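Here are some exercises to work through with the model open beside you. Try each task before you read its solution.

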Amino acid sequence: MNQFLMIMLGLSLTMMNCHSGDPIEAILTDAPNVPPPIKRNYPAKIIAHLEVKEVTRPIADGVDYTFWTFGGHVPGKFIRVRQGDTVEFHLQNHPDNKMPHNIDLHAVTGPGGGATSSFTAPGHESQFTFKALNKGLYIYHCATAPVGMHVANGMYGLILVEPPEGLPPVDKEYYIVQGDFYTVGKYREKGLQPFDMQKAIEENATYVLFNGSEGALVGDKAIKAKVGETVRLFIGNGGPNLISSFHVIGEVFDKVFTEGGTRYQENVQTTLVPAGGSAIVEYKAEIPGTYILVDHSIFRAFNKGALGMMKVEGDENKAMYSGKEVDSVYLADKAEQTQAIAQAAAASKKGTLTKEMQIEAGKNLFMGTCSTCHQNNGIGIPGVFPPLANSDIVNGWDKQKLIAAILNGLSGPIKVNGRDYNSTMPPMSQLNDDEVAHILTFVLNSWENKGGVVDTEEVKVVREATLRPPGAAK
C-alpha cells in the first residue's frame, strides 16, 4: 500500500511538472505598468524576448543622458512568470548599439544567473533556458564588464515568479525601480551629460531616481488609485550603489514582503530595499489626495530627484483626515507641471529664450525653492521672512546683489518695506545658473515689482567671484 501511494505521488508530481499546451509568449511591460496576473494552474513553457537598446532620453528637464536599457526604457521590461515555468529567454542586442551586453536574472539558478550564456554583441541574439524554481520578486541586470557602468546606465528591471496559487488579488499593481546615476555635470546642469566613472566609484550620485527620470512619476505620469482600492507596488533597486529607504508620505504599508521574499511584515512605515534587491508593498487607499513617494534618505528626494506621486481620487472622509490636498513643502517644484523648465532650456540652447519663457520657468522653480518662506504670493511671513511682493529689496538692489543673496544666503536683521525681519536664508548655491536667472526674472516681473531680466551669464559672473570653503557647492 505504501509503495502504491509513493508511485501515485510520484506520478502526480511528474504531471504537475509537465508543461501543458503550446509555448506562451511572455507579456512584457514598461514601468509603471505590470503584466496581468497569471491565471494558469499548471507550469508552462514561456518564451521571452528582450532587446537591449542604447538610447538618449531626458533624465531631468533640459538634461539628456545616454541610457543603456532592456527594452528602451529604465527600468527594463517587467517579466511575470509562474513558479515551475520553463523560460526560453532570447536576448537581442540592437545593431545600432555600441557595446556588448548580457543579462543576469536573480531568479535564475545557474552560473551567472544567465550572464554566462547571454553575452551578446551588437546585431546579435543569444538564447538560454532556465527553470523558475523559486517564487518571489527578483532584480535582473546586465553583468558585462565593467558591470558597475552597465548597471549605472540603467540596465536593470524586475522579474516576478508567482507562486502556483497566484498572488492575492488587488485593485492596482505598479512597477517602480530606484536607481542612482552619475553625470559629469552637477544636478540639473543642462545639455547632454556623460557618465562619470569616478563619481560612480566614489558613490557620489548626481541623481537618485524612480524609473529613470525626474519626471517619470509626477504630474500626469503619477500612479493612480481610487479611495477604497488596494494597491500593490513591486519595488526594485537597481543601484548600482545606494540602498533605498522607500516611503510613501501619508501611507502606512499594510504588508511588506521584505527583499521580495515570501514572508511579510505588517504596518510598516519605511522599508529598506538593497541595491540589487526588491520589496513588495501593499496598502489600501483610504483618503483622496496626492501622496509623495520618496527615498527617505531625504536629500535624495528633494535634491537628487527620488520623488514620485500617487494620486488618489474619491470622496473625502473628514472624520479620518481634514488636511489640504497638495503640500508644496513635499512636492517641491513638482507641485506644478514642469514643461516650462524644459521649454526654457530648449529655447536657451537654440538662442530663442524670451523673458516670458523665463518667467514661466521661474514661477515653477520658485514654487519648489522659495514659496515655503516667501509664500506663493510673495508676501513673506511677518517678522521672519521679508516680502518679495512690491519689495524695496527687489526694486532697490541691483541684479548682482540679488543674485549674491540667492547664491550666498542672508542672515541677521534686515529692514524691508519699513518693517524689521530677522531670520536666515541659507545659501542656494546648489541651484544652476539658469535656475537662479529664471527665479529672479519671475520675481522681478511679479507682484508689482519693477520688471527686468536676469540672464545666465550674469549669474555665472557672480558665482565665479564668490569664494567658498573647500567642499561647498560652487
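## Exercise 1: Aromatic pairs

There are 16 aromatic pairs here, counting rings of Phe, Tyr and Trp (its six-membered ring) whose centres lie within 6.5 Å, with planes under 30 degrees apart called stacked, over 60 edge-to-face and the rest tilted. This is a predicted model, in which local features need pLDDT of at least 70 and side-chain atom pairs count only at pLDDT 80 or more, while totals for chains, interfaces and linings use all residues. Residues are numbered from 1 along each chain as its sequence is written, and side-chain values use heavy atoms, leaving out hydrogens and water.

**Task.** Describe the pair formed by Phe 210 and Phe 246, then the pair formed by Phe 253 and Tyr 283.

**Solution.** 

Step 1. A pair of aromatic rings is described by the distance of the centres and the angle of the planes.

Step 2. For Phe 210 and Phe 246, the centres are 5.9 Å apart and the planes stand at 75°, an edge-to-face pair. Phe 210 belongs to strand β12 (residues 207-210) and Phe 246 to strand β15 (residues 244-249), so the pair links distant parts of the chain, 36 residues apart; strands are DSSP runs of E with at least two residues, helices are runs of H or I with at least four, and both are numbered from the N terminus. Both Phe 210 and Phe 246 are buried (buried means under 20% relative accessible area, exposed over 50%, partly exposed in between, with a 1.4 Å probe and protein chains only).

Step 3. Phe 253 and Tyr 283 make a tilted pair, with 6.0 Å between centres and 35° between planes. This pair also links distant parts of the chain, from Phe 253 in strand β16 (residues 253-257) to Tyr 283 in strand β19 (residues 277-284), 30 residues apart. Phe 253 and Tyr 283 are both buried.

Step 4. Put together, Phe 210, Phe 246, Phe 253 and Tyr 283 form a cluster linked by ring pairs.

## Exercise 2: Two packed helices

**Task.** How are helix α7 and helix α11 packed, and at what angle?

**Solution.** 

Step 1. Helix α7 (residues 355-369) meets helix α11 (residues 433-444) at about 100°, and their axes are 7 Å apart. Axes are lines fitted to C-alpha atoms, for helices over the stretch in contact, and angles run from 0 to 180 degrees between N-to-C directions.

Step 2. That angle makes α7 roughly perpendicular to α11 (65 to 115 degrees; under 35 is roughly parallel, over 145 roughly antiparallel and the rest oblique).

Step 3. Residues in the contact (heavy atoms within 4.5 Å) include Ile 359, Leu 365 and Phe 366 of α7 and Ile 439, Phe 442 and Val 443 of α11.

Step 4. By type, the contact has eight nonpolar, five polar and three charged residues (nonpolar: Ala, Val, Leu, Ile, Met, Phe, Trp, Tyr, Cys and Pro; charged: Asp, Glu, Lys and Arg; polar: the others, Gly among them).

## Exercise 3: Backbone details

**Task.** Which residues does each cis peptide bond join, and is Asn 211 buried or exposed?

**Solution.** 

Step 1. Pro 146 is in the loop between β8 (136-141) and α2 (147-152).

Step 2. Another cis bond joins Gly 239 and Pro 240, with omega about 15°.

Step 3. Asn 211 is not a glycine, yet has a positive phi of about 55°. Asn 211 lies in the loop between β12 and β13 (223-226) and is buried, with a relative accessible area of 7%.
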